[in-house]
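Dear colleague,

I am handing over the structure shown below. Please look through the sequence and the model before reading the notes that follow.

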Amino acid sequence: MIGLFMAIIIFNVLAFKTNKNLTAKQIAHIWSFTTAFQMSCDAYIDLKYHAYWYFTKNVDWAALPANTMLLPPVNMMFLNWYPFKSSLIKQIRYFIYWEVCLLTYESITLLPEPWGYFHYGWWNLGYSAIINPILLVILMVYYKRFVN
């Protein structure tokens with residue numbers, strides 16, 4: 001639980017202190033989309049298929065901060081710093097950088113409690129390595145079509 005609260009504080013402070021491009025309306029859109037999308041996906045991946053979970057395999061209040069306050073600021077940072085007007089090479093390099101950071105962070109969350117809070121069933125980092133870029137592209141498409 002300590003790791004989760006530290007991550008929430010660090011990610012939120014970093015996201016809001018470094019934000020130069022996103023308006024309050026855009027942040028609200030990103031926050032709502034991220035929370036709804038994550039909870040929808042986790043309902044199947046976590047609760048139905050037990051691929052991974054926060055804290056316990058069941059619905060629990062302890063996972064609520066992870067579902068509502070952890071990923072939205074990360075998505076804010078991703079979009080705020082994204083090199084939209086740069087070359088394709090720079091954009092690909094940006095994706096690779098984020099992929100490495102996301103996989104590293106996920107590895108840290110797998111540490112034993114109190115630092116870690118994420119647990120694998122049959123999931124592994126390989127699946128995350130494949131899914132993360134897809135999720136980031138979905139976020140970008142949502143941002144470009146409905147927010148920006």
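This is a predicted model: local features need pLDDT of at least 70, side-chain atom pairs count only at pLDDT 80 or more; totals for chains, interfaces and linings use all residues.

In which helix is the place of Thr35? Thr35 lies in helix 2, residues 24-48. Helices here are DSSP runs of H or I with at least four residues, numbered from the N terminus.

Residues are numbered from 1 along each chain as its sequence is written, and side-chain values use heavy atoms, with hydrogens and water left out.

To return to Thr35, its relative accessible area is 14%. Thr35 is therefore buried (buried means under 20% relative accessible area, exposed over 50%, and partly exposed in between, with a 1.4 Å probe and protein chains only). Apart from its neighbours within four places in sequence, Thr35 is in contact with Asn67, Thr68 and Pro72, where contact means heavy atoms within 4.5 Å.

Next comes helix 3, residues 64-81. The axes of helix 3 and helix 4 (residues 88-109) come within 11 Å and cross at roughly 160°. Axes are lines fitted to C-alpha atoms, for helices over the stretch in contact, and angles run from 0 to 180 degrees between N-to-C directions. Helix 3 and helix 4 are therefore roughly antiparallel (angles under 35 degrees count as roughly parallel, over 145 as roughly antiparallel, 65 to 115 as roughly perpendicular and the rest as oblique). On the helix 3 side, Leu70, Val74, Met77, Phe78 and Trp81 meet Tyr94, Phe95, Trp98, Leu102 and Tyr105 of helix 4. The residues of this contact divide into ten nonpolar, no polar and no charged (Ala, Val, Leu, Ile, Met, Phe, Trp, Tyr, Cys and Pro count as nonpolar, Asp, Glu, Lys and Arg as charged, and the others, Gly among them, as polar).

Helix 3 also meets helix 5, residues 125-147, with axes that come within 11 Å and cross at roughly 70°. These two helices are therefore roughly perpendicular to each other. Asn75, Phe78 and Leu79 in helix 3 meet Leu136, Leu139, Met140 and Tyr143 in helix 5.

Finally, a search of the whole structure finds zero disulfides, a disulfide being a pair of cysteine sulfur atoms within 2.5 Å. Cys41 is partly exposed at 27% relative accessible area, and Cys101 is partly exposed at 33%.

Yours sincerely
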